[in-house]
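Colleague: I'm new to this one and would like a guided tour. Could you walk me through how to read it, feature by feature?

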Amino acid sequence: MSDDHVYLSLAEGHDDSDARWAFGTGFEDPLHGVDQTVPEGTDSAQLAAFCLALGDDALVSAQRLAQWCTAAPELEEEVALANIGLDLLGQTRLLYARAGQVDGTGRGEDAYAYFRDADDFRNVRLAELPNGDFAFSITRLLVLSSWRLALFERLATTASDPVLAAIAAKGAKELAYHRQYAAEWVVRLGDGTEESQRRTRDALAAIAPYVDELFADDGELRTEVLAVLRQVTDAAGLVLPEVAPVPGHGRDGDRTEHLAPLLAELQSVARAHPEATW
Amino acid sequence: MVTALVSVDSRRAWRIAAQVPDPEMPMLTLADLGVLRGVEIGADGTVVASLTPTYSGCPAMAEMRAEVAARLRDAGFAKVEIRTVLDPPWSTDWITPEGRRNLSEHGIAPPGAAPSGPIKLTLSPTRRTVPCPRCGSADTEETSHFAATSCKALWRCRVCREPFEYVKEI
């Protein structure tokens, strides 16, 4: 044991399969040992693009939630938001790993998270809007988690790719907690003081133009998610206004000006040290 | 005869892997937690241990994987492979009775039955009873749905006044 040098003693006796140590172990695959076969009849390019988009939604959301660290109104809420972000980051890793297996490039999660520019991201734009106040962040979380939960519950039983179906089944359980947390807060804020109600009403108004692109042409998904949102807004004494959607679509690569600065922060260390292993 | 030896070996491999403690709740073994899904020995002697993550973002997964592999290698199994199993997703229902007892004894309330079927949103205050793991009182309340690890919530007992953690059902 070379106790006099902490890095050497950490690195000693650990082969590549030992992914516990932060440095020198290379890429750690969250889908390690999972059967990679793409079922016959499934379009690989389409599957990879879909996994990537769902991963982008989760990564950008996780980063926004992480920005609440040290800034949340109470310690409990900070822990909650960070926990939710961690779940989403876990979903991101699984989805990026699947995309890398399927798109034929064999890229790892870091390549997708750190070495793509804003124009290459395909997340829905609601996820990238700045955090605003607590009311905005919580209301956005309600909308995004309600939508993602409905989508994942469906994918868990209907996705032709068994890996995506398994990721969705697992993620759905987590998203149910996220939605529950956000819904309880929106009711509390809407049904709270004049100030909290005003802020939550403003949040719904700011979010409304970005709701349409969540559903694209999927009427069934729209009906299901809007019914859940109405259940919450009714209890909160609020309304999600019906407004004209913003033009464009995040899934087609249309971005707001807010994604690039978010990515600059997220990617700065990895890009400054492109050969580093974590 | 060879088959008998293989099965003796695979039982031994299971016992070794099963005794690995959970890195975040070390009063539980990976078998108690329901994270260890199987240990098999292939025709070429490779030990294949299957693990399932608790939560997608559980940072303890790498530690679990490494520790199982290290202990199996230390026990003389030269070729060890760890597989990740995602389906079916982990459920707190898989925590063994022994594991639940150990949680209670360490002041952590074990989970109730996991929900099944489509997940409904309930806005009325849910009256879930989580008995205090210290004094047994049912007069307890949730202080935070999220806590130090993904799998736990924070509660407090109104009778003995102790805060405690609760493994939430999933």
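**Reading the model, step by step**

Modeller: Happy to. Keep in mind that this is a predicted model. Let's begin with chain B, which is divided into domain 1, covering 2-90, and domain 2, covering 107-167.

Colleague: How many Å separate the centres of domain 1 of chain B and domain 2 of chain B?

Modeller: Taken over C-alpha atoms, the two centres are 30 Å apart. As for the chain as a whole, the C-alpha trace of chain B spans about 60 × 35 × 25 Å along its principal axes.

Colleague: And how many helices and strands does chain B have?

Modeller: Four helices and seven strands.

Colleague: Let's turn to sheets. How do I read one?

Modeller: The general idea is that strands of a sheet pair through backbone hydrogen bonds, either parallel or antiparallel. In chain B, four strands make an open sheet with mixed pairing, in the order β4-β7-β6-β5.

Colleague: Which are the edge strands?

Modeller: They are β4 (108-109) and β5 (140-144) of chain B, each of which pairs on one side only.

Colleague: What does β5(B) pair with, and how do the strands run?

Modeller: β5(B) runs antiparallel to strand β6 of chain B, residues 152-157, and four bridges join them. To find the pairing on screen, look for B:S144, whose bridge partner in β6(B) is B:L154. Another pair to look for is B:E141 with B:R156 of β6(B).

Colleague: How many bridges join β6(B) to strand β7 of chain B?

Modeller: Five, and β6(B) and β7(B), the latter being residues 163-167, run antiparallel as well. Here B:W155 has B:F164 of β7(B) as its bridge partner. The hairpin of these two strands has five residues between them, and in it B:R161 takes a positive phi near 70 degrees.

Colleague: Now helices. What should I look at when two of them pack?

Modeller: Two packed helices are described by the angle between their axes and the distance between the axes. Take helix α3 (residues 75-102) and helix α6 (residues 162-190) of chain A: they pack at an angle of about 165 degrees, with axes 11 Å apart.

Colleague: What about α5(A) and α7(A): how do their axes cross?

Modeller: The axes of helix α5 (residues 134-158) and helix α7 (residues 194-207) of chain A come within 8 Å and cross at roughly 50 degrees. That makes α5(A) oblique to α7(A). Their crossing is right-handed. Among the contact residues are A:F136 and A:V143 of α5(A), along with A:L204 and A:I207 of α7(A). This contact divides into seven nonpolar, three polar and two charged residues.

Colleague: Last stop: how many residues do chain B and chain A each bring to their contact?

Modeller: Chain B brings 27 residues and chain A brings 40 residues. On the chain B side, α3 (61-74), β3 (80-84) and β5 each supply at least two residues. α3(B) gives the most, with five residues. By class, that side of chain B has 15 nonpolar, seven polar and five charged residues.

Note on methods
Residues numbered from 1 in each chain as written. Chains lettered and ligands numbered in written order. Predicted model: local features only at pLDDT ≥ 70, side-chain atom pairs only at ≥ 80, totals over all residues. Domains from an automatic or database assignment. Pairing = 2+ DSSP bridges. Axes fitted to C-alpha atoms, helices over the stretch in contact; angles between N-to-C directions. Parallel < 35°, antiparallel > 145°, perpendicular 65-115°, else oblique. Left-handed = near helix turned anticlockwise from the far one by under 90°. Contact = placed C-beta atoms within 7 Å. Nonpolar A, V, L, I, M, F, W, Y, C, P; charged D, E, K, R; others polar.
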